[in-house]
Amino acid sequence: MHDILDIARWQFGIVTIYHFFFVPLTIGLSLIIAMMETIWLVTKTQEWLRLTKFFAKLFLINIAMGVVTGIVQEFQFGMNWSDYSRFVGDIFGAPLAVEALLAFFLESTFIGLWIFGWDKLPRWMHVGCLWIVHLGTLFSSWFILAANSWMQHPVGYSYNKATGRAELNDFWAVMFNKVQLGAFPHVIAAAYMTGAAFVIGVSAWLYVRKQADRGLYRQGMRLGAWVLALSGIVVVISGDVQGKIMTDVQPMKMAAAEALWTTSDTHAPFSLFTIGTRDGQHKKWALEVPGLLSFLATGHFDQKVQGIDDLRAEYKQEYGSDPGAEYYAPGDYTPIIPVTYWSFRWMMGLGAVGAVIAFLLLWLTRKGRAPTGRWFSWAAILSPIFVLLANSVGWLFTEMGRQPWVVFGLMTTRNAVSPGVSTTDAWISIIALCLIYAVLAVVELWLLVLFIKKGADAFVEPPDPRWRDHDEDPDRPLTFAY
Amino acid sequence: MELSTVWFCLIAVLWMGYFVLEGFDFGVGMLLPVLARDERERRVLINTIGPVWDGNEVWVITAGGATFAAFPEWYATLFSGFYLPLLFILLALIVRGVAFEFRHQRPGITWAGWWDRAVIVGSFVPALLWGVAFANLVRGVPIDADKNYTGSLWTLLNPVGLLGGLMTLTLFITHGAMFVALKTDGDIRHRARALAVRVGAVAAVLAVAFLVWAQLHTGNAGSFVLFAVAAVSLLAGLFAALKGREGWAFLGTFVTIALAVAGLFVALFPDVMPSTTEGGVTLTTTNASATHYTLTVMTIIAAIFTPAVLAYQAWTYWVFRKRIAVHHIPTEELEQEGDRADIGVEPDPGHVIS
């Protein structure tokens, strides 16, 4: 790697996937913990407050990592991808700015109120703060996914030859891009799956080991399993919708997902598993479901699906030169096929296994019963790991499948990097970030394991500050302090 | 007024907001080893900013996002140009942010000590480097005809840049000490006030030197007035601190920082990033800006949501308005698991006096 392009791409991939470990956890856990606290307020059952406080501790460790790794995301567009920023800033900058104004202020302010507000806010207002945080995460997802969807399928813009950039002419088209409308429910439901799987894994682990608190962790497990099962269904449906939109706007990505080189006849099969050459050009053996690719791509089992070779010829015709210059060598317009092929399968496979665990768990714990063997906790702890990795490979597929474009049809990734940044600087950046991220990952995991092993604290009645009279005893220690 | 001018003003406001808010929490972070005498005092300091530092930091994210949206060329040139200083700021903000959350997770002075170092360094680096960056923005940097920065890290570390850095560093320490004096009770409150006056005197000298340079370099009547009021309010703030009027003292440094930043933007206008290169491109509010349509959309959104943001952020400060003293710090878990000698569980007589 002596090219700034390679370094910048690796950095973007690494820090984004790392950041996106914490994002779905934060979105999902903020929902589930808000549910727990609300149930406590309504039912006054002590267990729900204990669960709230227990998961809050794990949640806050995560959210800190999500916040700090998020700043890198915003800065690196300008730092490593300045030509991209110049080209798309008129369109892409707006959702980022609005995300900060609408979502980040909301999240950061109200999470502070929630963490420190136990003895300052009336109870309903306290849980309200967490619901607002959750709302903030949804706003945030909306705007950042709108920005990403625009890169997959540019809409609401025109290309200005004089300024050499894409310029916004319809903000609402960008906000309600059809790719966005498919991506938002998919990503949010996947985030709910992640939070739920985390709650299941942790609860099941403790359920088996802390006999005195079985009732407590059983509740956590069941809540998590319901959320995981329901959001799993949404992920499947929205993913199916997305596949059809993708076939429409980025047919190459769908062809690359199946490594379909030549356009199929009717009833294109979907291979669950293939043994082939490393470049994905020739298959030796494959386990195939007839007609499934046709269905995923078009909604009909008997439709044709365009292959990579045809699409490449088509793209060459259409994008022979793109706004910028002559960037590509012959043979481009094609993503790295083994990466798209396998990431597509791992995304679906890992996500499916994670969701199946939820249905199994609901079945196993029906009507008061539950297995207590260690195998059970080990199986359950796999669920968050699978679901989290499914999120990562899903993004890997989406972004790698768009290559060589950074903005589909408009700008190639090669043309997007900062021309003025030296490789030395780029190396310093990627190495420093990787080192610091590695250290923090170890600390974070160690803290999580430590607190999970400890389990939920005993019930303590939290203060109940009414709106005016909470300053009765000015010398009382804070309920929560750093 | 041109919409690009409106957005230039709005971005100035975002930076003003960022520096007046995170300025004091950088200051509190750097004062950790200076003001606090034991673990409980360190926790008092950290808890003064605990509920608010994250919200304060969002101001810079919004400033970055707004620059990207309203002046894409400025964002691209600035962020790719000031590459290493911004990287160091990022790394600092990362370790600082997690340190607040991680330091109280384990008992014991060793664990806390490591995260204290992260807070101190993580506050020091941005407090210094933001000043360096802004001084260079006003001074001008080498930018070629393709709008790309052609200098290196060393280009930025010129005398003016360093002076700017030392100014923000000392101003933020003063501002942080004023904040501690306003937000704590007991002995530490009085030490903070005394320290604010001493560091403030140094900050005043550096600030006057830097602002005089800026005024002579590129100033106008507007920036002169703003710089002058900034200097006067710093002196007034220090005087108020001497008199024990902590609210007024904090207001003094608050206004100083806000107006100094405002003055720098006024001095810069209509440029946003002047080039020192012959034949290079100086970025201005006109040639760096987004389209009229984008600016219109952004203006509508900002007009609707900014008041809401200001309202709920102000409300947080009101919720957490109470002063914090050592006896407010919960000690149960520390006494159970920690080393008693390390954590200073002796009650502090200071809070009785005040």
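Student: Which hand does the crossing of H4(A) and H6(A) have?

Tutor: The crossing of H4(A) and H6(A) is right-handed; a crossing is right-handed if the near helix is turned clockwise from the far one by less than a right angle, and left-handed if anticlockwise. Please note that this is a predicted model, where local features need pLDDT of at least 70 and side-chain atom pairs count only at pLDDT 80 or more, while totals for chains, interfaces and linings use all residues. Residues are numbered from 1 along each chain as its sequence is written, and chains are lettered from A in the order in which they are written.

Student: At what angle do helix H4 (residues 123-152) and helix H6 (residues 178-209) of chain A pack?

Tutor: About 135°, with their axes 9 Å apart. That makes H4(A) oblique to H6(A).

Student: Which residues of H4(A) and H6(A) meet?

Tutor: Contact asks for C-beta atoms, placed from the backbone, within 7 Å. Among those that meet are A:Trp142 and A:Leu145 in H4(A), and A:Phe184 and A:Val187 in H6(A). By class, this contact has nine nonpolar, four polar and no charged residues.

Student: How many residues of H2(B) are buried?

Tutor: Buried means that 20 or more other C-beta atoms lie within 10 Å of a residue's own. In H2(B), eleven of eleven residues are buried, including B:Glu39, B:Arg40 and B:Ile49.

Student: And how many residues does each chain bring to the contact between A and B?

Tutor: Chain B brings 63 residues and chain A 60 residues. On the chain B side, H5(B) gives the largest share, 14 residues.

Technical notes: Contact = placed C-beta atoms within 7 Å. Helix = DSSP H or I, 4+ residues; strand = E, 2+ residues; numbered from the N terminus. Buried ≥ 20, exposed ≤ 12 C-beta atoms within 10 Å, placed from the backbone. Axes fitted to C-alpha atoms, helices over the stretch in contact; angles between N-to-C directions. Parallel < 35°, antiparallel > 145°, perpendicular 65-115°, else oblique. Nonpolar A, V, L, I, M, F, W, Y, C, P; charged D, E, K, R; others polar.
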